[in-house]
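Please keep the sequence and the 3D view open while reading.

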Amino acid sequence: MKDNFWLRLVSYDLPRSAVLGLLVVGIAICLLFVPVLFPGARSLDTSARICGFIIVAVSYDILFGYTGIITLCHITFFGIGAYAAAISLAQFGPGWGVLLLATAAGICTAVLLATLISVFALRIRTLFFAMFTLAVAKSCEILMSQLSRFSGGDDGMTFIPPAAIAPSTTFEVFGLRIGGATLCYYLIYALTVIVFLAVLRLVNSPFGKSLQAIRDNELRAAALGIPTQRYRVVAMAISAGLAALGGSLLSLWWTYVNPATTLSPNIMIDILLMVVIGGSGTIYGPVVGVTVFVIAMNYLSEGLESLSDSIPHIPFVADLLNAERWQLWLGLLFVLTLYYFPTGIAGHLRGKKRERQAKLASLPEVTVTR
Amino acid sequence: MIETVDLSISFGGHLAVDHVTCAFHNDALTAIVGPNGAGKTTYFNLLSGQLRPSSGKVVLAGHDVTRAGPAKRSKLGIARGFQLANLFPTLTLLENVRLAVQAHVRPHDDFTSLACRDTLVIDKARACLNTVGLLPRAEDFPTVLSHGGQRRLEFALLLAMERPIWLLDEPTAGMAAEEVPIILNLIRSIRADGARTILLVEHKMDVLRSLADRVVVLHNGRLVADGTPGEVMRADIVQEAYLGVGGKAAGRQQWA
Amino acid sequence: MGVSTAAAADRPGPTLRSVLMQHDTIAYLLVPAIALLALLLIRSMPVWLTLTLSGLAMGMMLYVMASGLTLIFGLMDVLNLAHSSFVTVGAFLTATLMAKAHGLMPGDSLLADVGVLLVVAVLVMTATGLIGLVFERLFIKPAYGSHNKQLLVTMGGLIIMEQLVLVFWGAKEVSLSRPASLQGSLVVGNFVFEKYRLVAVVSGLVVFGVMRLVLRRTKFGLLVRAGVENPEMVRAFGYHARRISVIVFAVGSALAGLGGMLWGLYLELLNSQVGMDVLVLIFSVIIIGGLGSIEGCLIGALLIGLTNVYVSYALPKGALVSSVVVMAIVLLWRNRGLLPVTRSP
């Protein structure tokens, strides 16, 4: 393999499909130039959400795609990060030191909780584990909504981020007016790129390859000397820490947190949908999945509205096409994806190439010379 | 060297392995035989750590490993082959073998280096693939290999682990007839270098006669005979144990 | 059981210690033990009785909702995340049917009210059972055998069903009133019993009794139990394993619908999240009970129901967390649940 900067940057793990590569690069470039290309609060908000959820989805892919663990409490780690930043900034005032410490504390709490959960619950069957983690996620949501003294309860809490990235500030640089929001956006963007590349590196490290071995065949992996149980716990911890980072960043963008947007199992379902639609176990796939999903979420309801306006009013059909029912169509889309593109967008795009390779590979077998 | 002392395991009251005491020393190939359900695979699982015994102990290279898991025992010297040759289907052949090399060449957790650029590991992995004749297909996935091909890949993995003790569970079962000699030659070649303790579960008598230095017979979970192939074949108890399933054993031979 | 008595006569009689050492006995003793512990902590008989009754009522309703899922899970190895939407559909159907049947319940005639409730129950179960058949065909069968895919497909099914409930019944909360004769409370001396809670306990016991009878005494039940213990065996006998699975799925969905009816009448105010809100409790019940066993499911449901009520009496905020803690403790003790059906290897 050739050795150059770009290959090293992506840990020699190329998208393995031209279309997929173009999609991911296109997304990265679009997100980079959003403040210039599509000025406006809404497009910036959509882009920040995409970035934040890319961190969450990519970290979830370490577990779901690479290790074969189904957890339904990934959103809890995201929420811990978000609330850690929110509560600290609200209590101790806006400051970079506070923000750094709060993010670190959020990540540590998430890692601790993930370790605790996995140490004693990963021994149980896959489906039991999924159910158990769902119960953990739900009870964390309820706990947070009831600890209203710290967290503002169901209504959530607002806080003021450090001045430089607060939405209300503007700077004058070389005659250009730059808002604090734009700066905050670029902070999130930069960290998203770093996390994406770091996770790509992680899954291509000896550790990451061992995780794949555990997913494919646990019995064998253990027989090769891979400490399967410990590696699973470590994978959970790393993934939880990254999710907490994503939570901190998005809460900075929103300057507001509440249980329904940062801890609810409904968001967990969204994360799963993003990873699966994009194609799990590829790291590139979830990036595409998040983008498709967030854009669909923002614009599907509008599309439905214009559709139902343009056709004559039929009672039941009107209810089906009601803009509030966009999730119905999303659910259908999801199930159809599972049936017809079970490996997601990335898997489907790569699959075509692999089929060609498999045809090439079906040469007669060589015989042993010894 | 590996040894079991008074080793038993019961499943719901049924003793699948019944107080087996037996030691396996270096540089010998021991065949473990017995009718279906005699407890051979269960015994292997107890040796390599997939199962924990109800009583008794397992001693591996001087350590009591009765409570240790498979990963620990692998580190202490066991390379285990399974009846089903399914490996890691979403990794290429080279990546499969690399995992086995990596497990002992790079024993420490490594989260940041690049597995695909580790030339030491890759060279060793390629050498192992070459030994079993699969090097030209290094970039394929195991799912496109024939059953025999997958067996050879498993063999490459075991070679790559560089362990002194090999446990092979019916390495030629379900294999096309023309592929069997390839595997047998591979077993001969690793036996020939004389440094390994090899345990082999096998049904085919001709294979036993030509390969085994020693034969251990299990019947209903109990060790009923132990000796050279010639001695064991003549022993009354073995005749008896095999007569019960004589037709089946003969059938197996024909079918293979 | 009857068969073992002859053999048992030869052996020395069981000592208390040996009986207690059997894990099953301990599992059965857990429920009274928790109730007793609560009595010691609460130290007020009337409060304790009221709490215990409402805990038992909640447990019984949970049992009805969870029992179908544990059978489906045990027999088909399918975790149906959308089970909760059958609960929702059952509750909403009940609201519609009760509104229609309002004229049939003249007031304080207990007999007429119970009759109407029984008819509504049959209709709700038939409807949810039929929906279950369609659901099985569309969402379960195509994803058979792969846990990941099942989980995801049923999650898609959950979203779709939940949205369809919104399409049919709208986004506003729907109120649902109990028949007149089942409102209010019974007062016996110092003790106050809410009537509907008694109804819930009795209904749960009836469902448990019928299920146990069917599973133990009928040929179909025998096949189901055999299928839970050893899926290969049923196929080997030549019965259509597929047909049994489909029937069990439909019955399980119908039970979820019945559970939804009981739960809806208990809440009296419904939104589209009713099922989702109890899903976590249903899961806790199944995990605690162990896979595929209705006795375990009953114990799990009563444990969760009682701890929820006791804990929320002492710490109103700790109810759901308490069920996660109970679940975690049980899993630490036995990682397959209290009374899992032993599968043959």
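In this predicted model, chain B contains an open sheet of six strands, which follow the order β6-β7-β8-β3-β9-β10 with mixed pairing. Its edge strands are β6 (78–80) and β10 (222–227) of chain B, each of which pairs on one side only. On average, and with direction ignored, neighbouring strands of this sheet are turned by 20 degrees against each other.

- Strand β7 (residues 165–169) of chain B runs parallel to strand β8 (residues 197–201) of chain B, and five bridges join the two.
- Within this pair, B:W166 stands opposite B:I198 in β8(B).
- Helix α1 (residues 40–48) of chain B packs on the sheet, where it touches β3 (28–33), β6, β7, β8 and β9 (214–219) of chain B, and its direction makes about 150 degrees with that of β7(B).

**The four-stranded sheet of chain B**

- A further open sheet is formed by four strands in the order β2-β1-β4-β5 (chain B), and here the pairing is antiparallel.
- The edge strands of this sheet are β2 (14–24) and β5 (63–64) of chain B, each pairing on one side only.
- Strand β1 (residues 2–11) and strand β4 (residues 55–60) of chain B run antiparallel and are joined by five bridges; among the bridge partners in β4(B), B:K57 belongs to B:V5 and B:V59 belongs to B:E3.
- B:V59 also has a bridge partner in β5(B), namely B:D64, and two bridges in total join the antiparallel strands β4(B) and β5(B).
- The hairpin of β4(B) and β5(B) has two residues between the strands, and in it B:A61 takes a positive phi near 50 degrees.
- Helix α1(B), which packs on the six-stranded sheet, also lies across β1, β2 and β4 of chain B, running at about 60 degrees to β2(B).

**Chain B as a whole**

- Chain B has ten helices and ten strands, and its C-alpha trace spans about 60 × 40 × 35 Å along the principal axes.
- A compact globule of 256 residues would have a radius of gyration near 18 Å, so the 19 Å of chain B agrees with that expectation.
- Buried residues make up 45% of the 256 residues in chain B.
- Of the contacts in chain B with a separation of 6 or more, 66% are accounted for by residues 24 or more positions apart.

**The largest nonpolar core**

- The largest nonpolar core has 295 residues, and those with the most contacts inside it are B:V97, B:A156, C:L62 and C:I282.
- Helix α4 (residues 45–76) of chain C supplies the largest share of this core, with 18 residues.
- Leaving aside neighbours within four places in sequence, C:L62 is in contact with C:L281, C:I282, C:V285, C:A301, C:I304 and C:G305.
- As a general background, nonpolar side chains tend to be buried together in soluble globular proteins.

**The contact between chains A and B**

- The contact takes 32 residues from chain A and 42 residues from chain B.
- On the side of chain A that touches chain B, the elements giving two or more residues are α8 (180–203), α9 (206–216), α10 (218–223) and α17 (344–361) of chain A, and α9(A) gives the most, with seven residues.
- The residues of this side of chain A divide into 15 nonpolar, eleven polar and six charged.

Key:
Residues numbered from 1 in each chain as written. Chains lettered and ligands numbered in written order. Predicted model: local features only at pLDDT ≥ 70, side-chain atom pairs only at ≥ 80, totals over all residues. Contact = placed C-beta atoms within 7 Å. Nonpolar A, V, L, I, M, F, W, Y, C, P; charged D, E, K, R; others polar. Rg over C-alpha atoms; globule rule 2.2 N^0.38 Å. Buried ≥ 20, exposed ≤ 12 C-beta atoms within 10 Å, placed from the backbone. Pairing = 2+ DSSP bridges. Axes fitted to C-alpha atoms, helices over the stretch in contact; angles between N-to-C directions. Core = buried A, V, L, I, M, F, W, Y, C linked by C-beta atoms within 7 Å.
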